[in-house]
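Thanks for sending this one over. Here are my notes, point by point, for you to read alongside the model.

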Amino acid sequence: MKFQYWLPEKEKMARCELKSFQLAALKRTITCALRTDFYNKRLKDVGINSPDDIRSLDDIRKIPFTSKYDLRAAFPYGMLATNKDDVIRLHASSGTTGIPTTIYFNRNDIDAWTALVARSIFATGCNKQDVFQNMITYGLFTGGFGFHYGAEAVGMLVIPSGSGNTSRQLRLMQDFETTVVHATPSFLLHTESKMKEEGILRDSLCLKRAFAGAEPYSEDTRLRIEELLQIEVFNSYGLSEMNGPGVAFECQCKSGMHLWEDAFLAEIIDPETLEPLPDGETGELTLTTLCREAMPILRYRTRDITSFYTEVCQCGRTHRRIHRIKGRSDDMLIINGVNIFPSQIEEVVMGIKEAGNNYLIIVEKEGFLDRLTVKTEVNPDTFRDDTRKLNVLREKIRHKLQNTITINPKVELVESNSLPVSEGKAKRVIDNRPKDV
Ligand code: ADP
Ligand code: ZN
């Protein structure tokens with residue numbers, strides 16, 4: 001494989017050099033943070049009065065964690081490190097887990113973010129000949145503008161199609177010979193189902209690649225999208241607190257996402273003890289911005305569960321890779337005392353080829369017990385109304401789920417394209433249990 005690099009001197013920087021770069025950047029970040037009301041107090045409380053109080057990267061442990069709750073409490077400007085006049089844009093998180101949080105950017109922040117997304121896109125093998133359709137919400141959500149400017153920087157023709165309206169998306173792909181798309185994995189699957197429904201042939205499209213992110217998905221889902229659409233799917237990870245997309249991205253090797261360590265200082269911590277874990281162990285990803293001026297954030301607890309690869313990537317990049325996000329610690333369902341991540345259910349469903357492209361998890365109370373139902377669409381290519389075969393499929397899914405999650409779910413099969421499709425992040429779980437139980 002021939003690899004290409006947007007900024008080889010940064011992407012292939014020797015680890016020791018990268019570490020000294022990080023230390024210098026961390027000190028600059030502390031200087032910025034001390035200008036904010038929020039961190040000025042927080043840092044001084046633990047004896048950090050100037051950047052000189054940080055002497056090594058390990059000193060990061062002296063700094064308290066920042067949570068989504070802190071960002072909300074400091075709303076609107078408690079974490080702003082520059083004059084408001086220098087802020088040129090704001091974005092907000094999707095609000096999946098509560099009130100959205102707001103992030104501010106100055107000119108340098110926007111340029112640095114754009115360069116990170118351009119670097120990520122280029123690492124997948126794209127270049128200026130590509131036509132890029134950004135099938136994701138534009139607006140406060142960072143996925144729209146973040147990818148838009150990054151792709152323009154690479155020089156690709158950008159179609160800002162936004163999310164939803166699948167038929168129009170497909171028409172745009174045909175008219176402008178789109179080669180790359182960015183979407184949530186659930187929207188990519190939905191697009192494929194829509195193609196079948198509308199009789200659109202794969203050969204009428206020029207698609208080669210997709211960037212899929214914004215929500216957790218399994219390796220089986222990736223393989224399913226790759227097979228159905230005959231494209232390569234690259235995992236894209238980001239969160240608005242850390243700009244948005246361009247935090248970690250897969251290279252052409254497609255095995256784990258390079259976390260751009262010149263821009264973010266990453267730790268994996270044990271969510272219970274809050275102690276940093278060694279590379280290879282699974283825990284909560286915690287990130288510190290290293291080049292953000294308007295709104296530096298220190299040791300932000302993402303709540304995303306992952307681990308670092310311990311081996312070096314074949315592409316030659318030195319930045320460590322993270323595994324696919326297993327889920328958020330707050331996504332975890334406790335069903336009759338058993339901890340289950342929705343991603344475990346997804347892995348089973350997407351691994352069964354007779355199952356369709358969409359599913360829904362419903363949790364209810366039945367007497368004193370929790371009842372888990374998994375509604376699964378059926379792949380119309382595999383079979384239609386053969387009741388006996390449907391019963392066999394239902395039992396197969398139930399059995400595999402039980403083996404994976406240890407509890408016995410109820411499985412309901414429904415027609416292809418009948419479950420709701422969200423324009424933004426997929427809503428896969430409906431928890432109807434009373435809140436106070
Ligand atoms: P919100 O936190 O309100 O959802 P964001 O739009 O900032 O707002 O979403 C960031 C979150 O989306 C991440 O913290 C993570 O949970 C999820 N996410 C983003 N990209 C991926 C990905 N590739 N795989 C899994 N989860 C992802
Ligand atoms: Zn790589």
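1. Let's begin at a hairpin: strand 7 and strand 8 form one, with four residues between them. In its turn sits Asn 243, with a positive phi of about 85 degrees. The two strands pair in the antiparallel sense over three bridges, and Leu 239 has Gly 244 in strand 8 as its bridge partner. Please keep in mind throughout that this is a predicted model.

2. Strand 8 goes on to form a hairpin with strand 9 too, here with six residues between them. Lys 254 in that turn has a positive phi of about 50 degrees.

3. How many residues of strand 8 are buried? Seven of the seven are, so this strand is largely enclosed by the rest of the structure. Helix 9 (residues 219-229) lies across strand 7 (232-239) and strand 8, and runs at about 135 degrees to strand 7.

4. Stepping back, these strands belong to an open sheet of eight, in the order 4-3-5-6-7-8-9-13, with mixed pairing. Strand 4 (157-159) and strand 13 are at the edges; each has a single partner strand, so one side of each is left without a neighbour in the sheet. Strand 4 runs parallel to strand 3 (residues 131-134), joined by three bridges, and Val 131 has Leu 157 in strand 4 as its bridge partner.

5. Now for the metal. Which residues coordinate the zinc ion (ligand 2)? They are Cys 251 (SG), His 258 (NE2), Cys 313 (SG) and Cys 315 (SG), at 2.1 to 2.3 Å. The arrangement is tetrahedral because the four donor atoms subtend angles of 102 to 117 degrees around the zinc ion. For comparison, the ideal angle for four tetrahedral donors is 109.5 degrees.

6. The spacing of the zinc donors in sequence is C-x6-H-x54-C-x1-C. Cys 251 lies in the loop between strand 8 (244-250) and strand 9 (257-259), while Cys 313 lies in the loop between strand 12 (300-306) and strand 13 (321-322), so the pair ties together parts that are 62 residues apart in sequence. Both Cys 251 and Cys 313 are buried.

7. There is also an open sheet of four strands, with the order 19-18-17-20 and mixed pairing. Its edges are strand 19 (410-414) and strand 20 (429-431), each with a single partner strand, so one side of each has no neighbour in the sheet. On average, neighbouring strands here are turned by 20 degrees against each other, direction ignored.

8. Within that sheet, strand 18 (residues 369-378) and strand 19 run parallel and are joined by five bridges. Lys 375 has Glu 412 in strand 19 as its bridge partner. Helix 10 (residues 342-350) lies across strand 17 (355-366), strand 18 and strand 20, at about 140 degrees to strand 17.

9. Finally, a look at helix 3 (residues 37-45), where Phe 38, Tyr 39 and Leu 43 are buried. Why do they share a side of helix 3? They cover an arc of only 105 degrees around the axis, which puts them on the same side. Their cover includes helix 2 (15-33) and helix 4 (68-73). The face turned away from the buried side carries the exposed residues Asp 37, Lys 41 and Asp 45. After helix 3 comes Gly 47, with a positive phi near 85 degrees.

Notes. Residues numbered from 1 in each chain as written. Chains lettered and ligands numbered in written order. Predicted model: local features only at pLDDT ≥ 70, side-chain atom pairs only at ≥ 80, totals over all residues. Heavy atoms only, no water. Donors = N, O, S within 2.8 Å, 3.2 Å for Na, K, Ca; no water. Tetrahedral: all angles 85-135°; square planar, octahedral: opposite > 155°, others 65-115°. Buried < 20%, exposed > 50% of the residue type's maximum accessible area, 1.4 Å probe, protein only. Arc of directions from axis to C-beta. Contact = heavy atoms within 4.5 Å. Pairing = 2+ DSSP bridges. Axes fitted to C-alpha atoms, helices over the stretch in contact; angles between N-to-C directions.
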